[in-house]
Amino acid sequence: MRKYGYNILASLIFAFALALPVTARAENQVYYLGSAVNAGMDDGYSKDGALTEKDPHYGWSLGRFYVTGFTNIQREGNKVTFLKTAGDDIKLKFRLDQEIDQLNGDEALSINDDSNGYDQRFGITKSDTGFGRGALIIRQTDYQNNESAPQVFVNYLVGAQKDAETDVSSFAEGDYEVVLDYEIKKDARKTPGIGPIPSISILPEYGNYTIRFSFSVRNGNAMVFLLDSETGSELTNSSVTENGFTVDFAKSRYLDIFVKRSVLSDNGQELVDIRSNEPASDGKNYTDPGIYTITAVNPSTSQTTEKVIYVGNNPLLKCYAITGYSLEQIQDMLNQGATISDDGSIVWPKPPDESKETETSETTPQTVQGDSKGACPSCQSRSL
């Protein structure tokens, strides 16, 4: 028996030890994106050719792009989505692995000044300055499917040091396309320089290459904030307001949020939906009396959050919203002599056989919230 206990303890210690490095890695997650392809030559970096042994770029990498600062990641085919939570700062970084004047240690290979560079896919035309020594292009598509104008950073590789890691940008929610276009010059045939006469290149070769990838950023939570329409104060689950409420997406633009409003039936014994679930828009106000069930769904994680808010001053619905009792249970307590206070709680009268001494020491009526025990033995709380 003692040996069995030691085995359990050892297993727990081992499991705890395994959890420690996992937590540490979660704070510094890294995910690499993109690899070089042959983009043709002077045709707007439009090709996606595989690198071959005849290619001067074969077998080595110019550098690596990678993303940091995310909580989790989802992969579906070639689609990559980074999930962020409160405090996360998602950044794209680039590490240069080569000397741009001596690529792969070869003095004949260098990043060329692409004076006539343009990008066909992004619709970037030729300019007087061209792309220079590498052009970084970033384009965002927001939650309204609106494509921003591409940001173009020419001469991106100039001044970068080998093995240096640089921050490219920080990213909020959205879909992103990133491209690094660069031209390689192969200058294998040169005449030797003599005195003041410099060496001369003989028929140098050029090739266009690109590192192209895309990714998405989404909030990992399924949180929606509900604010009092007049005071602006936050309403928590089971809150009561006579003013109505406003839906605040809290900048989580990709949530699916639905609102259902229910009212009492004519007999006052049950709720009747007078609206089907309808999608909510950011900043929309709801002021009609009733019980509102607000459901937020995060499509990226399939997680949901549900909140119930009561709007109006009907005592029965107010009690239903804050106590957790069903309408039938509330009505049963009212039939037994209970009443509903202004804040919606159940108030029970003092027992008729209570002594005068007890009445003197306990002058306030008993109130019952939904989590109270023993106030109504026959009542069980409903699950909202």
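**A close look at strands 13 and 16**

Strand 13, residues 225-228, pairs with strand 16, residues 245-248, in the antiparallel sense over four bridges. Look at Leu226: its bridge partner in strand 16 is Val247. This is a predicted model.

Leu226 has another bridge partner, Leu235, in strand 14. Strand 14 runs antiparallel to strand 13, and two bridges join them. Now turn to strand 16. Two bridges join strand 16 to strand 20, residues 285-286, and these two also run antiparallel. Here Phe245 stands opposite Tyr286 of strand 20.

Phe225 belongs to strand 13, which spans residues 225-228.

The C-alpha atoms of Ile90 and Glu173 are separated by 9.7 Å, while the two residues lie 83 residues apart along the chain. Ile90 sits in the loop between strand 5 (79-84) and strand 6. Is Ile90 buried or exposed? Ile90 is buried, because its relative accessible area is 0%, and buried means under 20%. Leaving out residues up to four places away in sequence, Ile90 touches Val67, Thr68, Gly69, Phe70, Phe82, Lys84, Ser169, Ser170, Phe171 and Val217.

Ser170 takes us to a second sheet. Ser170, in strand 10, is the bridge partner of Lys91. Strand 6 (residues 91-96) and strand 10 pair in the antiparallel sense over five bridges. They belong to an open sheet of four strands, ordered 1-3-6-10, with antiparallel pairing. Its edge strands are strand 1 (30-33) and strand 10 (165-170), each pairing on one side only. From one strand to the next, the twist averages 30 degrees.

Strand 17 (residues 256-264) and strand 21 (residues 290-298) pair in the antiparallel sense over seven bridges. Val259 has Ile294 as its bridge partner in strand 21. Val259 also stands opposite Glu278 in strand 19. Strand 19 (residues 278-279) pairs with strand 17 in the antiparallel sense over two bridges. Strand 18 (residues 271-273) is joined to strand 17 by three bridges, and the two run antiparallel. There, Ser262 stands opposite Asp273.

Finally, step back to the whole protein. Its secondary structure comes to four helices and 25 strands. Of its 384 residues, 39% count as buried. Among contacts with a separation of 6 or more, 62% come from residues 24 or more positions apart.

Note on methods: Residues numbered from 1 in each chain as written. Predicted model: local features only at pLDDT ≥ 70, side-chain atom pairs only at ≥ 80, totals over all residues. Heavy atoms only, no water. Pairing = 2+ DSSP bridges. Axes fitted to C-alpha atoms, helices over the stretch in contact; angles between N-to-C directions. Buried < 20%, exposed > 50% of the residue type's maximum accessible area, 1.4 Å probe, protein only. Contact = heavy atoms within 4.5 Å.
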